[in-house]
Amino acid sequence: MAAEEAGVVCRAAACLCVLCGLPAAGKSTLARNILSSAAQHGWRACVVPYDDLIPVHAFQTKGVVGGVKLQETHTEWKLHRQALLRCMEQFLEKPQVLAELPSNCQINRAAWEKCIQALLQPEAVDCSQADQAPLLFLLDDNFYYPSMRYEVYQLARKYSLGFCQMYLQCDLESCISRNQSRSAPIPTEVILDMVTRLEPPNPQKNSWEANSISLNTTDDLSKCDIQRVMELISSALNNPLSPAEDNTEQKEADRLRCATSVVHQTDQACRRHISEAMKTARENQLTPELMRTLAAQLNESKATFLQNLRKQLLQEASLTQEEDIDVERLVKRAADVFDREKKEILLRIKNDNR
């Protein structure tokens, strides 16, 4: 599928640049430096600040399917992120028309209009050449899961745009200290939680993350750092991605393969938990009748749990070979959830034995 077939009106080169890292790692500061350098290059550039565009209430998890939370898939927050990408896509197709924001998943209109006005009316670009000046979108967010970054990559590939990533590596103490000095700091617990979730770009694991660099932002960025950043962006602009061929059947096969592997390994882990529960029950001298009841309830719980897990995995989007799924991590999360269910069942049966 050619870029023209995707409906792109704007022929100027364009690049989606992902800025990722912990809160207060220095993403906004880096973005300001890039905007200044972009103006010197004659590029149209804007920052897409997710914190300003997505309302705070969207970060609240609404529920869990099958007892397992996988990559925040079922939160209002992800719907807002997808709405933001759709707005970017609409701008790429019709740059002179403000994107209509979905009524059921609205982002901040004023903040969005401010973003694209910087592209439509760039101060440092010759008006006669503005339409052909390269476009640069700086996506400012934590982007702690690869799946979040992969969505941006997919958009870049669909429209034959450049794509690159900057990972800002800053020590935890500095991030916490900088955050506390802000006028509206986020809770320290949020930063501590994100440390456990953050998965930096890994080109060895994900080939699509090859165009990435890591910057140490514990101290101030040097001129050399900014030069590296601008060279990466220039390279991405000059080497846009090729649109992907339709491989729906392969994607479906990959989803099924991944789901089968996770469910199989989780089944084995659940069986071990059931064996542990039966051993504990024998040590507590449960009656034979209660032992049979315990075994029946545990196996029934396991069957339902695995069925829900498989259903949820198959509903997950874009499990492709390019974005490998951490099966081991998913299995551990699922097994931990079932372990809690096992303990609750065992406790009820033990109470019946009194």
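**Notebook: helix α1 and the cores**

I began with what covers the buried residues of α1; the list includes strands β1 (14-21), β2 (44-49), β3 (135-140), β4 (162-169) and β5 (212-216), along with helix α8 (223-238). I noted that this is a predicted model.

Next I looked at α1 itself. The helix runs over residues 27-41, 15 residues in total. From its first C-alpha to its last it reaches 21 Å, close to the 21 Å expected at 1.5 Å a residue.

Which residues of α1 are buried? I found Lys 27, Leu 30, Ala 31, Ile 34, Ser 37 and Ala 38. Seen down the axis of α1, the buried residues fall within an arc of 130°, so they line one face of the helix. I then checked the other side of α1, where Arg 32 and Gln 40 are exposed. Just after α1, I came to Gly 42, which takes a positive phi of about 80°.

I turned to the cores. The largest nonpolar core has 68 residues. Trp 112, Leu 136, Phe 137, Met 166 and Ile 233 touch the most other members. I followed Ile 233. Leaving aside neighbours within four places in sequence, Ile 233 is in contact with Cys 15, Cys 17, Ile 34, Trp 43, Leu 136, Cys 164 and Met 166. A second, separate core holds 27 residues, including Val 262, Met 278, Leu 306 and Leu 313.

Last, I looked up Asp 267 in helix α9 (residues 248-283). Is Asp 267 buried or exposed? Its relative accessibility is 16%, so Asp 267 counts as buried. Beyond neighbours within four places in sequence, Asp 267 is in contact with Lys 302 and Leu 306.

Technical notes: Residues are numbered from 1 along each chain as its sequence is written. This is a predicted model: local features need pLDDT of at least 70, side-chain atom pairs count only at pLDDT 80 or more; totals for chains, interfaces and linings use all residues. Side-chain values use heavy atoms; hydrogens and water are left out. A nonpolar core is a set of buried Ala, Val, Leu, Ile, Met, Phe, Trp, Tyr and Cys residues joined through side-chain atoms within 4.5 Å. Buried means under 20% relative accessible area, exposed over 50%, partly exposed in between (1.4 Å probe, protein chains only). Contact means heavy atoms within 4.5 Å. Helices (H or I, at least four residues) and strands (E, at least two) are DSSP runs, numbered from the N terminus. The expected span of a helix is 1.5 Å times one less than its number of residues. The arc is that of the directions from the helix axis to the C-beta atoms.
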